[in-house]
Amino acid sequence: MASAASPGVKARSTGDLVDFIVIGAMRSGTTMLNDLLAQHPQVAMARMKETDFFVEAKNYRLGTDWYVSQFSGSARLRGEVSPNYSKARDFPGVAKRIRRHCPDVRLIYLLRDPVERALSHYAHGWTMGRITLLPEQLIGGPQYLGIVDASRYARQLTEYLHFFPADQIMVLEMESFLAQPQLHFDSILRHIGASPMPMPDTRRQNESRELARVPKPLLKLMQGPLRPALTRIFGPAVRGRLRGLMARGPARPPPQFSASLRDRLRDDLAEDAQALRRLTGQSFAHWSV
């Protein structure tokens, strides 16, 4: 895997659609990283965070011209963030499509404790109305399997290693990034071939807490028909202010997993976590599995 010592790389190869992609994982700080990279003068992030272009069931049918249109300006490097790219169970074939269009792309896989990520995934899905089952109803069903698959990082990483050399893939845990942000931001910039830059301000409101207070009909509209227009017109800072203005309803706290259900999650994720350690050589010492 790529490390902090990885050398800088040249800009986009002829024919490549994009220079770097943050492939996930969902609920692991990808929005934060998107906002940080968007402040670099050499980087053009996709206007639509989570373009999902390389997901066949979503936007791949729109074609490469549509994808290129997501990037504006004359910045040397193009990048995007789409956590659905590391959900092999629900969206197969993504790594192969990325390889077909962008063989020299630099990949970043941002992780967090797999159990905590799964719990956050459930809570976010509940807040957004995409998950309506209580935790005890969820276990073993298709939504549970999808949540667990997104936390099986070794499985996702192995899929990418079938198509890309290890030095094109940076694996970084969110916990380490938050502990030493400048150090790891420097490593990310080296990995994608961007010049060094002081760490931008990362202070932001708790997005999940705000979303839980946006009235459900308005939230459904924002995340459905209006989302492409909002992401095309407004940058992340403006979208954050709009979200804060609309967060005026009562909070909708998600149901909590019992201790026994948390143990079930740990059991289901422990083997993959050990496989990830062997695959990357990283200890992930603070994880619960």
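A quick word on labels: helices (H or I, at least four residues) and strands (E, at least two) are DSSP runs, numbered from the N terminus. Residues are numbered from 1 along each chain as its sequence is written. This is a predicted model, so local features need pLDDT of at least 70 and side-chain atom pairs count only at pLDDT 80 or more, while totals for chains, interfaces and linings use all residues, and side-chain values use heavy atoms, with hydrogens and water left out.

**Stop 1: the whole chain**

Start zoomed out. You are looking at 14 helices and five strands. Of the 289 residues, 50% count as buried; buried means under 20% relative accessible area, exposed means over 50%, and partly exposed is in between (1.4 Å probe, protein chains only). Take the contacts (heavy atoms within 4.5 Å) with a separation of 6 or more: 78% of them join residues 24 or more positions apart.

**Stop 2**

Most residues other than glycine have a negative phi, and most peptide bonds are trans. Here are some exceptions to click on.

Select aspartate 52, in the loop between β2 (43-45) and α2. Its phi is positive, about 55 degrees, although it is not a glycine. Aspartate 52 is buried, with a relative accessible area of 7%.

Now go to the loop between β1 and α1 (30-37), where you will find alanine 25. Is arginine 27 buried or partly exposed? At 23% relative accessibility, it counts as partly exposed.

**Stop 3**

Select residues 169-173, strand β5. Five of its five residues are buried, so β5 is largely enclosed by the rest of the structure. In a regular strand the side chains alternate between the two faces of the sheet. Show side chains to see it here: Ile169, Val171 and Glu173 point one way, and Met170 and Leu172 point the other way.

What does β5 pair with? Its partner is β4, in the parallel sense over five bridges (two strands pair if DSSP finds at least two bridges between them). Leucine 107 stands opposite isoleucine 169.

While you are in β4, pick leucine 110. With 2% relative accessibility, leucine 110 counts as buried. Methionine 26 is 84 residues away from leucine 110 in sequence, yet the two C-alpha atoms are 8.7 Å apart.

**Stop 4: the nonpolar cores**

In soluble globular proteins, nonpolar side chains tend to be buried together. A nonpolar core here is a set of buried Ala, Val, Leu, Ile, Met, Phe, Trp, Tyr and Cys residues joined through side-chain atoms within 4.5 Å. The largest one has 34 residues, and Ile21, Phe54, Tyr67, Tyr85, Ile98 and Tyr160 have the most contacts inside it. Its largest share, four residues, comes from α7.

Center on isoleucine 98. Not counting residues up to four places away in sequence, isoleucine 98 touches Ile21, Phe54, Tyr85, Pro103, Val105, Tyr160 and Phe164. Apart from this core lies another, of 23 residues, among them Ala2, Leu33, Leu37 and Val81.

Then hop to tyrosine 67, in helix α2. Tyrosine 67 is buried, with a relative accessible area of 0%. Beyond residues up to four places away in sequence, tyrosine 67 touches Leu17, Val18, Ile21, Thr51, Phe53, Phe54 and Glu80.

**Stop 5: helices α6, α7 and α14**

Select 142-150 for helix α6, where Tyr144, Gly146, Ile147, Val148, Asp149 and Ala150 are buried. These buried residues pack against β4, α4 (114-128), α5 (135-138), α7 and α14.

Last, color α7 (153-161) and α14 (259-280): their axes come within 7 Å and cross at roughly 40 degrees. Axes are lines fitted to C-alpha atoms, for helices over the stretch in contact, and angles run from 0 to 180 degrees between N-to-C directions. The α7 residues Tyr153, Ala154, Arg155, Leu157, Thr158 and Leu161 meet Asp272, Ala275, Leu276, Leu279 and Thr280 in α14.
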